[in-house]
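I opened my notebook to look at aromatic rings and their surroundings.

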Amino acid sequence: VKLLCVTAMNTDDVEIILGNSNKRFSGVTSTMLQVLKYQQERVGVAVLGKHNMPDSVQTLNFFNFIRICRKPLRDGRYRTFHARRNDEMIQGLIAKRVFGAKIKIAFTSTAQRNHSRFSRWLMRQMDGLITTCSAASNYLVERAPDIIIPHGVDTSHYVPASSRELAWKQTGFPGRYGIGVFGRVRYTKGIDILVKAVIPLLSKYPDLTVVICGECIPKDRSFLQQLRSDIDQANVSERFIFLGKQPFVELPRLFQSMSLVTALSREEGFGLTPLEAMAAGTAVVTSEAGAWRDIIRNGIDGYCISIANIEDVTATLDAMLGDLELTHEMGRNARDYVVEQYTVEREAELLTHFLKSLSILHN
């Protein structure tokens, strides 16, 4: 089946090959697929590894990857291999140095932590180095990135509601409006910060409901239990809804129904949730993790704040809940900003242009 797939593809037209080494569907896989949809419209592209790939995507095994890359493109340019993980960098280097593949290798680094010595060595071998935000760039101490390309979102999938009030009513949630938090229920996501910050405000805002949407895997169950315990002890359990993991198609409806979305993570690689909320016309309050310091315009789209002091978080939420008209205006500003600067189409265009530019430079 794989050989038939490769035979059916005009491999002479494949200019970019994407690494896909992780069998588990991850955030990296999700962002790759979203961008790939638009890359396919711009350039010949194939994926090394069939894990989680739809039938519309041409995939290669390692043998066929080597085979088609033994010769350059018809115009003499090299193909570009785009890695997003360490083992994908290793795959590219083996193909290039052991099997003589005529490729340039680019790596995207999103990690906001000190890289291991081995990772730093791998990155020094790359022909191109990409990162997604200034915070991640600051950890590339031995080699500056060639370009910063932020992630984007699908603004046709995440759209504002024609009526936020009606969108909220259609959820069936209690109250008249809500604060939403979306993502895995675990300590690093800072959901406990939201819970502690918002509990003192619930008596002041009796129509407010807090919606926590996301999966909790077994190792994080104790964290979830502690959240519920804190809520129960405050005697406000009826003001919180734990939705669990929701289907992808349901997320736009949930985002657009919220008056405010928070993302108070202690750490993030990039963090797409605020962009998805903004695309849906909803204002955000974020921590300074991930790319959020680059993205959020304080007082325009929402606020990017330090989470070191819970009282400061409470004060920010209080200000936004106290003037929902202004908060909803921030949501409208946010939608316009995402459409202008943070679409997945723009990400695909910038990324494809950079990857193709590497192929001009020959060994």
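Below are my entries on ring pairs, charges over rings and one histidine.

Before starting, I noted that this is a predicted model, where local features need pLDDT of at least 70, side-chain atom pairs count only at pLDDT 80 or more, and totals for chains, interfaces and linings use all residues. Residues are numbered from 1 along each chain as its sequence is written, and side-chain values use heavy atoms, leaving out hydrogens and water.

**Ring pairs.** I looked up the aromatic pairs and found ten; rings of Phe, Tyr and Trp (its six-membered ring) pair if their centres lie within 6.5 Å, and planes under 30 degrees apart count as stacked, over 60 as edge-to-face and the rest as tilted. Phe 65 and Phe 81 have ring centres 5.2 Å apart and planes at 35°, so I logged this pair as tilted. Phe 65 belongs to helix α3 (residues 62–69) and Phe 81 to strand β4 (residues 79–83), so the pair ties together parts 16 residues apart in sequence. Helices (H or I, at least four residues) and strands (E, at least two) are DSSP runs, numbered from the N terminus.

**Buried or exposed?** I found both Phe 65 and Phe 81 buried; buried means under 20% relative accessible area, exposed over 50%, partly exposed in between (1.4 Å probe, protein chains only). His 115, in the loop between β5 (103–109) and α5 (117–124), also counts as buried, at 12%.

**Charges over rings.** I saw Arg 228 over the face of Phe 242, 4.2 Å from the ring centre. A charge sits over a ring if NZ of Lys or CZ of Arg is within 6 Å of the ring centre and within 35 degrees of the ring normal.
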